[in-house]
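Welcome! Here is a short tour for anyone meeting this structure for the first time. Please have a look at the sequence and the model, and then read on.

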Amino acid sequence: MATANISHELPPLPDYTLRPLPPLVSWLPDSYLVLLLIVVAYWVVSLIFHVFDVYDLFPQYRLHTPAEVLKRNHVTRWEVFRDVVIQQIIQTLFGFILALIDEEPMCGKEEYDVAWYAQKIRLAQRAIPPLLASIGLNSGALATKLSATQPMLAAALSGGNYPWLVKMATVAGQHTLAPAFAPWELRTARILYSFAIPALQFLFAMLVVDTWQYCLHRAMHQNKWLYATFHSRHHRLYVPYAYGALYNHPFEGFLLDTLGTGLAYLASGMTVRQSMWFFTCATVKTVDDHCGYSLPFDPMQLLTSNNAGYHDIHHQSWGIKTNFSQPFFTFWDRFLNTMWNGGDVTARYEKSRRHAQQKVDRENAGDMKELSADSLTQSSASELDESSRGQSVSVRRSTRKKSSSISQSTAGNWKGLRNKVNESLHGKGGNVLGVESSH
Ligand SMILES: [Zn+2]
Ligand SMILES: [Zn+2]
(Lines give C-alpha, C1' and ligand atoms only; values in the text may rest on other atoms or scores of the structure.)
(Ligands and ions follow the chains in the order given, each with its own letter.)
Protein backbone atom coordinates (compact mmCIF):
# COMPACT_ATOMS: atom_id res chain seq x y z
CA MET A 1 0.00 0.00 0.00
CA ALA A 2 1.45 3.33 -1.03
CA THR A 3 1.17 6.33 1.23
CA ALA A 4 -0.92 9.21 -0.07
CA ASN A 5 0.95 12.38 -0.85
CA ILE A 6 -0.73 15.09 1.18
CA SER A 7 -0.47 18.78 0.56
CA HIS A 8 -2.38 21.45 2.44
CA GLU A 9 -3.30 23.28 -0.75
CA LEU A 10 -3.46 20.58 -3.37
CA PRO A 11 -6.07 17.83 -3.41
CA PRO A 12 -4.37 14.68 -2.09
CA LEU A 13 -3.42 11.76 -4.32
CA PRO A 14 -5.42 8.62 -3.59
CA ASP A 15 -3.90 5.47 -2.13
CA TYR A 16 -3.48 2.56 -4.50
CA THR A 17 -2.70 -1.11 -4.40
CA LEU A 18 -0.87 -2.71 -7.30
CA ARG A 19 -1.98 -6.10 -8.60
CA PRO A 20 -0.95 -8.15 -11.64
CA LEU A 21 -2.71 -7.07 -14.83
CA PRO A 22 -4.79 -9.98 -16.18
CA PRO A 23 -3.69 -10.80 -19.76
CA LEU A 24 -6.04 -10.03 -22.66
CA VAL A 25 -6.08 -13.72 -23.54
CA SER A 26 -6.29 -15.81 -20.39
CA TRP A 27 -3.83 -18.50 -21.49
CA LEU A 28 -1.28 -16.21 -23.14
CA PRO A 29 0.76 -13.47 -21.44
CA ASP A 30 0.40 -10.08 -23.19
CA SER A 31 4.14 -9.99 -23.95
CA TYR A 32 3.79 -13.21 -25.98
CA LEU A 33 0.56 -12.04 -27.57
CA VAL A 34 2.49 -9.06 -29.02
CA LEU A 35 4.94 -11.44 -30.70
CA LEU A 36 2.09 -13.43 -32.20
CA LEU A 37 0.29 -10.28 -33.36
CA ILE A 38 3.35 -9.01 -35.21
CA VAL A 39 3.69 -12.23 -37.23
CA VAL A 40 -0.05 -12.58 -37.85
CA ALA A 41 -0.37 -8.91 -38.94
CA TYR A 42 2.57 -9.33 -41.35
CA TRP A 43 1.10 -12.34 -43.10
CA VAL A 44 -2.54 -11.22 -43.07
CA VAL A 45 -1.73 -7.87 -44.69
CA SER A 46 0.72 -9.56 -47.07
CA LEU A 47 -1.94 -12.08 -48.04
CA ILE A 48 -4.42 -9.30 -48.84
CA PHE A 49 -1.93 -7.70 -51.23
CA HIS A 50 -0.99 -11.11 -52.62
CA VAL A 51 -4.67 -11.67 -53.48
CA PHE A 52 -4.66 -8.24 -55.20
CA ASP A 53 -1.64 -9.42 -57.23
CA VAL A 54 -2.95 -12.84 -58.14
CA TYR A 55 -6.43 -11.70 -59.14
CA ASP A 56 -5.24 -8.40 -60.58
CA LEU A 57 -7.84 -6.57 -58.49
CA PHE A 58 -6.53 -3.01 -58.67
CA PRO A 59 -4.42 -2.82 -61.83
CA GLN A 60 -4.97 0.93 -62.05
CA TYR A 61 -3.08 1.44 -58.78
CA ARG A 62 -0.13 -0.88 -59.40
CA LEU A 63 3.29 0.79 -59.30
CA HIS A 64 4.74 -1.95 -61.50
CA THR A 65 3.33 -4.33 -64.04
CA PRO A 66 3.09 -8.09 -63.47
CA ALA A 67 5.71 -8.47 -66.22
CA GLU A 68 8.14 -6.45 -64.11
CA VAL A 69 7.49 -8.62 -61.07
CA LEU A 70 8.35 -11.62 -63.24
CA LYS A 71 11.43 -10.25 -64.94
CA ARG A 72 13.16 -7.66 -62.79
CA ASN A 73 13.54 -9.28 -59.39
CA HIS A 74 16.73 -11.17 -58.64
CA VAL A 75 15.26 -13.53 -56.09
CA THR A 76 12.54 -16.15 -56.15
CA ARG A 77 9.37 -15.86 -54.10
CA TRP A 78 10.35 -19.00 -52.21
CA GLU A 79 13.70 -17.47 -51.14
CA VAL A 80 11.90 -14.33 -50.03
CA PHE A 81 9.38 -16.35 -48.02
CA ARG A 82 12.14 -18.45 -46.42
CA ASP A 83 14.26 -15.47 -45.37
CA VAL A 84 11.25 -13.61 -43.97
CA VAL A 85 10.35 -16.63 -41.85
CA ILE A 86 13.97 -16.79 -40.61
CA GLN A 87 13.82 -13.13 -39.65
CA GLN A 88 10.53 -13.64 -37.85
CA ILE A 89 12.00 -16.54 -35.87
CA ILE A 90 14.91 -14.30 -34.78
CA GLN A 91 12.46 -11.48 -34.00
CA THR A 92 10.30 -13.78 -31.87
CA LEU A 93 13.29 -15.17 -29.96
CA PHE A 94 14.44 -11.60 -29.24
CA GLY A 95 10.91 -10.78 -28.11
CA PHE A 96 11.02 -13.69 -25.67
CA ILE A 97 14.23 -12.27 -24.16
CA LEU A 98 12.64 -8.80 -23.90
CA ALA A 99 9.61 -10.34 -22.22
CA LEU A 100 11.87 -12.01 -19.66
CA ILE A 101 13.61 -8.76 -18.66
CA ASP A 102 10.38 -6.74 -18.77
CA GLU A 103 8.62 -6.21 -15.46
CA GLU A 104 5.34 -8.01 -14.95
CA PRO A 105 2.51 -5.69 -16.06
CA MET A 106 0.61 -4.34 -13.03
CA CYS A 107 -2.59 -2.38 -12.62
CA GLY A 108 -4.46 -0.59 -9.84
CA LYS A 109 -2.59 2.73 -10.06
CA GLU A 110 -4.77 4.34 -12.74
CA GLU A 111 -6.76 6.67 -10.46
CA TYR A 112 -3.57 7.71 -8.70
CA ASP A 113 -1.97 8.57 -12.06
CA VAL A 114 -5.02 10.55 -13.19
CA ALA A 115 -4.95 12.49 -9.89
CA TRP A 116 -1.22 13.09 -10.36
CA TYR A 117 -1.90 14.77 -13.72
CA ALA A 118 -4.81 16.68 -12.14
CA GLN A 119 -2.41 18.02 -9.49
CA LYS A 120 -0.10 19.24 -12.23
CA ILE A 121 -3.04 20.96 -13.93
CA ARG A 122 -3.91 22.62 -10.60
CA LEU A 123 -0.29 23.76 -10.18
CA ALA A 124 -0.17 25.08 -13.74
CA GLN A 125 -3.11 27.39 -12.96
CA ARG A 126 -0.89 29.27 -10.53
CA ALA A 127 0.86 30.73 -13.57
CA ILE A 128 -2.36 32.36 -14.85
CA PRO A 129 -2.44 35.54 -12.61
CA PRO A 130 1.16 36.58 -13.40
CA LEU A 131 0.60 35.81 -17.08
CA LEU A 132 -2.54 37.98 -17.14
CA ALA A 133 -0.70 40.70 -15.22
CA SER A 134 2.03 40.70 -17.86
CA ILE A 135 -0.56 41.83 -20.41
CA GLY A 136 -2.14 44.33 -18.00
CA LEU A 137 -5.11 42.29 -16.79
CA ASN A 138 -6.10 42.00 -13.16
CA SER A 139 -6.97 38.35 -12.58
CA GLY A 140 -8.47 39.06 -9.12
CA ALA A 141 -10.93 41.60 -10.53
CA LEU A 142 -11.80 39.29 -13.42
CA ALA A 143 -12.39 36.37 -11.05
CA THR A 144 -14.67 38.47 -8.84
CA LYS A 145 -16.69 39.55 -11.86
CA LEU A 146 -17.10 35.94 -13.10
CA SER A 147 -17.51 34.21 -9.74
CA ALA A 148 -21.31 34.31 -9.78
CA THR A 149 -21.87 33.02 -13.32
CA GLN A 150 -18.67 31.07 -14.09
CA PRO A 151 -17.26 29.87 -10.76
CA MET A 152 -14.87 27.31 -12.30
CA LEU A 153 -13.43 29.86 -14.72
CA ALA A 154 -13.13 32.41 -11.93
CA ALA A 155 -11.26 29.88 -9.76
CA ALA A 156 -8.88 29.03 -12.59
CA LEU A 157 -8.22 32.71 -13.34
CA SER A 158 -7.42 33.38 -9.71
CA GLY A 159 -4.60 30.81 -9.86
CA GLY A 160 -6.45 27.57 -9.20
CA ASN A 161 -8.20 28.66 -6.05
CA TYR A 162 -11.23 26.40 -5.39
CA PRO A 163 -11.91 26.88 -1.64
CA TRP A 164 -15.45 25.43 -1.88
CA LEU A 165 -14.28 22.16 -3.50
CA VAL A 166 -13.71 19.74 -0.63
CA LYS A 167 -14.40 16.08 -0.03
CA MET A 168 -13.86 13.47 2.64
CA ALA A 169 -10.55 11.71 2.11
CA THR A 170 -8.51 9.13 4.01
CA VAL A 171 -5.30 10.81 5.13
CA ALA A 172 -2.81 8.77 7.13
CA GLY A 173 -5.58 6.29 7.95
CA GLN A 174 -8.01 8.96 9.17
CA HIS A 175 -11.09 10.37 7.46
CA THR A 176 -10.77 14.10 7.06
CA LEU A 177 -12.00 16.95 4.90
CA ALA A 178 -9.51 17.62 2.07
CA PRO A 179 -9.38 19.84 -1.04
CA ALA A 180 -10.89 18.20 -4.15
CA PHE A 181 -10.31 18.49 -7.89
CA ALA A 182 -12.72 20.31 -10.15
CA PRO A 183 -14.53 18.00 -12.61
CA TRP A 184 -12.83 19.69 -15.58
CA GLU A 185 -9.41 19.08 -14.01
CA LEU A 186 -10.11 15.38 -13.63
CA ARG A 187 -11.54 15.13 -17.16
CA THR A 188 -8.50 16.85 -18.64
CA ALA A 189 -6.20 14.67 -16.54
CA ARG A 190 -7.97 11.54 -17.77
CA ILE A 191 -7.59 12.63 -21.41
CA LEU A 192 -3.89 13.31 -20.80
CA TYR A 193 -3.40 9.95 -19.11
CA SER A 194 -5.46 7.83 -21.50
CA PHE A 195 -4.81 9.50 -24.87
CA ALA A 196 -2.40 12.43 -25.01
CA ILE A 197 0.56 10.82 -23.24
CA PRO A 198 0.21 7.46 -25.06
CA ALA A 199 -0.03 9.37 -28.35
CA LEU A 200 3.16 11.27 -27.53
CA GLN A 201 4.90 8.03 -26.56
CA PHE A 202 3.76 6.52 -29.87
CA LEU A 203 5.04 9.52 -31.80
CA PHE A 204 8.35 9.44 -29.91
CA ALA A 205 8.75 5.72 -30.66
CA MET A 206 8.07 6.41 -34.35
CA LEU A 207 10.77 9.09 -34.36
CA VAL A 208 13.24 6.73 -32.66
CA VAL A 209 12.61 4.00 -35.26
CA ASP A 210 12.85 6.47 -38.14
CA THR A 211 16.12 7.89 -36.83
CA TRP A 212 17.61 4.48 -36.14
CA GLN A 213 16.63 3.10 -39.52
CA TYR A 214 17.63 6.19 -41.49
CA CYS A 215 21.15 6.21 -40.01
CA LEU A 216 21.75 2.51 -40.45
CA HIS A 217 20.04 2.30 -43.83
CA ARG A 218 22.09 5.17 -45.18
CA ALA A 219 25.28 3.66 -43.73
CA MET A 220 24.43 0.39 -45.48
CA HIS A 221 24.38 2.26 -48.78
CA GLN A 222 27.45 4.40 -48.17
CA ASN A 223 29.76 1.62 -46.99
CA LYS A 224 30.45 -0.81 -49.83
CA TRP A 225 31.22 -3.71 -47.51
CA LEU A 226 28.01 -3.22 -45.53
CA TYR A 227 26.01 -2.97 -48.75
CA ALA A 228 27.58 -6.00 -50.40
CA THR A 229 27.50 -8.13 -47.26
CA PHE A 230 24.07 -7.26 -45.90
CA HIS A 231 21.81 -4.73 -47.55
CA SER A 232 22.20 -5.78 -51.19
CA ARG A 233 19.98 -8.74 -50.37
CA HIS A 234 16.96 -6.50 -49.77
CA HIS A 235 17.68 -4.75 -53.08
CA ARG A 236 17.35 -7.95 -55.07
CA LEU A 237 13.72 -6.88 -55.07
CA TYR A 238 13.57 -4.15 -57.70
CA VAL A 239 9.84 -4.61 -57.81
CA PRO A 240 8.85 -4.98 -54.17
CA TYR A 241 5.81 -6.94 -53.12
CA ALA A 242 4.12 -7.01 -49.73
CA TYR A 243 5.70 -10.03 -48.07
CA GLY A 244 9.13 -9.00 -49.36
CA ALA A 245 9.10 -6.18 -46.81
CA LEU A 246 11.22 -8.12 -44.33
CA TYR A 247 13.33 -9.85 -46.97
CA ASN A 248 16.73 -8.94 -45.56
CA HIS A 249 19.99 -10.47 -44.51
CA PRO A 250 19.15 -11.90 -41.04
CA PHE A 251 21.70 -9.61 -39.37
CA GLU A 252 20.30 -6.53 -41.07
CA GLY A 253 16.76 -7.57 -40.26
CA PHE A 254 17.68 -7.93 -36.61
CA LEU A 255 19.65 -4.69 -36.46
CA LEU A 256 17.26 -2.39 -38.32
CA ASP A 257 13.81 -3.79 -37.64
CA THR A 258 13.90 -5.93 -34.51
CA LEU A 259 16.43 -3.92 -32.49
CA GLY A 260 15.15 -0.59 -33.84
CA THR A 261 11.56 -1.15 -32.78
CA GLY A 262 12.67 -2.86 -29.54
CA LEU A 263 14.74 0.19 -28.56
CA ALA A 264 11.90 2.53 -29.48
CA TYR A 265 9.60 0.55 -27.21
CA LEU A 266 12.02 0.70 -24.28
CA ALA A 267 12.93 4.38 -24.82
CA SER A 268 9.32 5.53 -25.03
CA GLY A 269 8.32 3.82 -21.77
CA MET A 270 5.27 2.23 -23.36
CA THR A 271 3.31 -0.45 -21.61
CA VAL A 272 3.08 -3.88 -23.20
CA ARG A 273 -0.50 -3.12 -24.24
CA GLN A 274 0.61 0.10 -25.95
CA SER A 275 3.42 -1.79 -27.64
CA MET A 276 0.87 -4.11 -29.27
CA TRP A 277 -0.37 -1.12 -31.25
CA PHE A 278 3.10 0.15 -31.96
CA PHE A 279 4.72 -3.10 -33.12
CA THR A 280 1.67 -4.05 -35.17
CA CYS A 281 1.49 -0.62 -36.75
CA ALA A 282 5.23 -0.63 -37.57
CA THR A 283 4.89 -4.09 -39.11
CA VAL A 284 1.84 -3.22 -41.21
CA LYS A 285 3.49 0.04 -42.32
CA THR A 286 6.60 -1.80 -43.50
CA VAL A 287 4.50 -4.30 -45.45
CA ASP A 288 2.43 -1.47 -46.92
CA ASP A 289 5.57 0.40 -48.01
CA HIS A 290 6.53 -2.61 -50.13
CA CYS A 291 3.04 -3.54 -51.33
CA GLY A 292 3.56 -2.29 -54.89
CA TYR A 293 0.30 -0.34 -54.93
CA SER A 294 -0.42 3.34 -54.63
CA LEU A 295 -3.86 3.04 -53.12
CA PRO A 296 -5.96 6.19 -52.60
CA PHE A 297 -8.09 4.43 -49.95
CA ASP A 298 -5.23 2.97 -47.91
CA PRO A 299 -4.96 4.94 -44.62
CA MET A 300 -1.37 3.83 -44.18
CA GLN A 301 -0.47 5.59 -47.42
CA LEU A 302 -2.38 8.73 -46.61
CA LEU A 303 -1.06 9.42 -43.12
CA THR A 304 2.43 10.45 -44.20
CA SER A 305 4.20 11.05 -47.48
CA ASN A 306 6.48 8.09 -46.77
CA ASN A 307 4.49 5.38 -48.52
CA ALA A 308 4.72 2.68 -51.17
CA GLY A 309 5.35 5.20 -53.96
CA TYR A 310 8.09 6.91 -51.97
CA HIS A 311 9.92 3.74 -50.95
CA ASP A 312 9.51 2.22 -54.40
CA ILE A 313 11.82 4.89 -55.81
CA HIS A 314 14.51 3.66 -53.41
CA HIS A 315 14.14 0.16 -54.86
CA GLN A 316 14.89 1.36 -58.40
CA SER A 317 18.48 1.33 -59.66
CA TRP A 318 18.25 5.07 -60.45
CA GLY A 319 16.73 6.01 -57.07
CA ILE A 320 18.70 3.72 -54.80
CA LYS A 321 20.83 6.53 -53.36
CA THR A 322 17.75 8.48 -52.32
CA ASN A 323 14.66 8.10 -50.11
CA PHE A 324 16.40 6.27 -47.26
CA SER A 325 13.78 7.30 -44.71
CA GLN A 326 11.58 4.53 -43.43
CA PRO A 327 9.10 3.47 -42.24
CA PHE A 328 7.02 6.42 -40.98
CA PHE A 329 8.17 9.90 -42.03
CA THR A 330 10.37 11.55 -44.64
CA PHE A 331 11.90 14.33 -42.54
CA TRP A 332 15.41 12.82 -42.38
CA ASP A 333 15.58 12.69 -46.19
CA ARG A 334 14.33 16.26 -46.28
CA PHE A 335 16.77 17.57 -43.63
CA LEU A 336 19.80 15.70 -44.95
CA ASN A 337 18.99 16.31 -48.59
CA THR A 338 18.66 12.70 -49.66
CA MET A 339 15.11 12.92 -50.97
CA TRP A 340 14.68 12.01 -54.65
CA ASN A 341 15.03 15.23 -56.62
CA GLY A 342 15.74 13.83 -60.05
CA GLY A 343 12.55 15.18 -61.53
CA ASP A 344 9.81 13.36 -63.36
CA VAL A 345 10.01 9.61 -62.76
CA THR A 346 7.36 8.68 -65.33
CA ALA A 347 9.76 8.01 -68.19
CA ARG A 348 11.95 5.86 -65.95
CA TYR A 349 8.98 3.79 -64.82
CA GLU A 350 7.77 3.46 -68.40
CA LYS A 351 11.18 2.28 -69.56
CA SER A 352 11.28 -0.45 -66.92
CA ARG A 353 7.79 -1.52 -67.80
CA ARG A 354 8.59 -1.64 -71.52
CA HIS A 355 11.79 -3.65 -71.04
CA ALA A 356 10.06 -6.19 -68.81
CA GLN A 357 7.19 -6.54 -71.27
CA GLN A 358 9.62 -6.99 -74.17
CA LYS A 359 11.33 -9.79 -72.27
CA VAL A 360 8.02 -11.51 -71.68
CA ASP A 361 7.01 -11.05 -75.32
CA ARG A 362 10.34 -12.43 -76.54
CA GLU A 363 10.00 -15.47 -74.34
CA ASN A 364 6.47 -16.06 -75.55
CA ALA A 365 7.58 -15.75 -79.16
CA GLY A 366 10.31 -18.32 -78.41
CA ASP A 367 7.71 -20.56 -76.85
CA MET A 368 5.52 -20.25 -79.92
CA LYS A 369 8.40 -21.26 -82.23
CA GLU A 370 9.26 -24.14 -79.98
CA LEU A 371 5.61 -25.12 -79.90
CA SER A 372 5.39 -25.14 -83.71
CA ALA A 373 8.53 -27.29 -83.94
CA ASP A 374 7.12 -29.61 -81.33
CA SER A 375 3.87 -29.93 -83.24
CA LEU A 376 5.61 -30.85 -86.48
CA THR A 377 7.78 -33.45 -84.81
CA GLN A 378 5.04 -34.90 -82.74
CA SER A 379 2.42 -35.09 -85.49
CA SER A 380 4.10 -38.31 -86.58
CA ALA A 381 4.55 -39.64 -83.08
CA SER A 382 2.74 -42.66 -81.69
CA GLU A 383 -0.71 -42.50 -80.07
CA LEU A 384 1.00 -43.11 -76.75
CA ASP A 385 2.63 -39.69 -76.90
CA GLU A 386 -0.55 -37.90 -77.85
CA SER A 387 -1.89 -37.27 -74.39
CA SER A 388 1.36 -35.88 -72.98
CA ARG A 389 1.75 -33.63 -76.04
CA GLY A 390 -1.75 -32.28 -75.43
CA GLN A 391 -0.81 -31.52 -71.86
CA SER A 392 2.29 -29.63 -72.99
CA VAL A 393 0.30 -27.55 -75.48
CA SER A 394 -2.29 -26.72 -72.89
CA VAL A 395 0.37 -25.55 -70.42
CA ARG A 396 1.95 -23.32 -73.05
CA ARG A 397 -1.40 -21.98 -74.12
CA SER A 398 -2.19 -20.99 -70.59
CA THR A 399 1.21 -19.28 -70.29
CA ARG A 400 0.58 -17.40 -73.51
CA LYS A 401 -2.88 -16.42 -72.44
CA LYS A 402 -1.54 -15.13 -69.13
CA SER A 403 1.13 -12.96 -70.74
CA SER A 404 -1.37 -11.60 -73.21
CA SER A 405 -3.58 -10.56 -70.34
CA ILE A 406 -0.54 -8.97 -68.68
CA SER A 407 0.06 -6.95 -71.82
CA GLN A 408 -3.54 -5.79 -72.06
CA SER A 409 -3.91 -4.95 -68.42
CA THR A 410 -0.61 -3.11 -68.15
CA ALA A 411 -1.39 -0.87 -71.09
CA GLY A 412 -4.38 0.38 -69.16
CA ASN A 413 -2.62 0.27 -65.83
CA TRP A 414 0.15 2.57 -66.77
CA LYS A 415 -2.16 5.34 -67.72
CA GLY A 416 -2.51 7.36 -64.58
CA LEU A 417 0.37 5.76 -62.66
CA ARG A 418 2.22 9.02 -62.68
CA ASN A 419 -0.70 10.79 -61.08
CA LYS A 420 -1.13 7.99 -58.59
CA VAL A 421 2.52 8.12 -57.54
CA ASN A 422 2.31 11.87 -57.31
CA GLU A 423 -0.88 11.83 -55.27
CA SER A 424 0.38 9.18 -52.93
CA LEU A 425 3.64 10.99 -52.34
CA HIS A 426 2.43 14.51 -51.94
CA GLY A 427 -1.31 14.65 -52.00
CA LYS A 428 -3.42 15.75 -54.91
CA GLY A 429 -1.80 18.50 -56.90
CA GLY A 430 1.56 18.03 -55.14
CA ASN A 431 4.65 17.76 -57.26
CA VAL A 432 7.68 17.86 -55.01
CA LEU A 433 9.40 15.05 -56.90
CA GLY A 434 8.53 16.50 -60.24
CA VAL A 435 6.09 13.72 -61.09
CA GLU A 436 3.85 15.53 -63.48
CA SER A 437 0.41 14.80 -64.80
CA SER A 438 0.13 13.43 -68.31
CA HIS A 439 -1.66 15.46 -70.94
ZN1 LIG B 1 18.27 0.44 -49.31
ZN1 LIG C 1 12.56 -1.80 -49.07
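The secondary structure of the chain comes to 17 helices and four strands, where helices (H or I, at least four residues) and strands (E, at least two) are DSSP runs numbered from the N terminus. This is a predicted model, in which local features need pLDDT of at least 70 and side-chain atom pairs count only at pLDDT 80 or more, while totals for chains, interfaces and linings use all residues. Residues are numbered from 1 along each chain as its sequence is written, and chains are lettered from A and ligands numbered from 1 in the order in which they are written.

**The chain as a whole**

- Of the 439 residues in the chain, 33% are buried; a residue is buried if 20 or more other C-beta atoms lie within 10 Å of its own, exposed if 12 or fewer, and partly exposed in between, with C-beta atoms placed from the backbone.
- Taking contacts between residues at least 6 apart in sequence, 69% join residues at least 24 apart; two residues are in contact if their C-beta atoms, placed from the backbone, lie within 7 Å.

**Helix α1 and its surroundings**

- Helix α1 has 25 residues and spans 35 Å from first C-alpha to last, close to the 36 Å expected at 1.5 Å a residue; the expected span is 1.5 Å times one less than the number of residues.
- Its buried residues are Asp30, Val34, Leu35, Ile38, Tyr42, Val45, Ser46, Phe49 and Phe52.
- The cover over these buried residues of α1 includes α3 (77-101) and α11.

**Helix α11 and its surroundings**

- Helix α11 has 18 residues and reaches 25 Å between its first and last C-alpha, close to the 26 Å expected at 1.5 Å a residue.
- Among the buried residues of α11 are Val272, Met276, Phe278, Phe279, Ala282 and Val287.
- Covering the buried residues of α11 are elements including α1, α8 (183-222), α10 (250-268), α12 (299-303) and α13.

**How α1 packs on α11**

- Two packed helices are described by the angle between their axes and the distance between the axes.
- For α1 (residues 30-54) and α11 (residues 272-289), the angle is about 20 degrees and the axes are 9 Å apart; axes are lines fitted to C-alpha atoms, for helices over the stretch in contact, and angles run from 0 to 180 degrees between N-to-C directions.
- α1 and α11 are therefore roughly parallel to each other, given that angles under 35 degrees count as roughly parallel, over 145 as roughly antiparallel, 65 to 115 as roughly perpendicular and the rest as oblique.
- The crossing of α1 with α11 is right-handed; a crossing is left-handed if the near helix is turned anticlockwise from the far one by less than a right angle, and right-handed if clockwise.
- Residues of α1 including Leu33, Leu37, Ala41 and Val45 meet residues of α11 including Met276, Phe279, Thr283 and Val287.
- By class, this contact of α1 with α11 has 12 nonpolar, five polar and three charged residues; Ala, Val, Leu, Ile, Met, Phe, Trp, Tyr, Cys and Pro count as nonpolar, Asp, Glu, Lys and Arg as charged, and the others, Gly among them, as polar.

**How α8 packs on α11**

- The axes of α8 and α11 come within 11 Å and cross at roughly 40 degrees.
- That angle makes α8 oblique to α11.
- α8 also passes α11 in a right-handed crossing.
- Pro198, Gln201, Phe202, Ala205 and Val209 in α8 meet Gln274, Phe278 and Ala282 in α11.
- The contact of α8 with α11 divides into six nonpolar, two polar and no charged residues.

**Backbone details in the loops**

- Aspartate 56 sits in the loop between α1 and α2 (66-72), and its phi is near 50 degrees, a positive value in a residue other than glycine.
- With 14 C-beta neighbours inside 10 Å, aspartate 56 counts as partly exposed.
- Asparagine 323, in the loop between α13 and α14, has a positive phi near 55 degrees.
- Asparagine 323 counts as buried, with 24 C-beta neighbours inside 10 Å.
- Glutamine 326 and proline 327 are joined by a cis peptide bond, with omega about 0 degrees.
- Proline 327 lies in the loop between α13 (308-314) and α14 (331-335).
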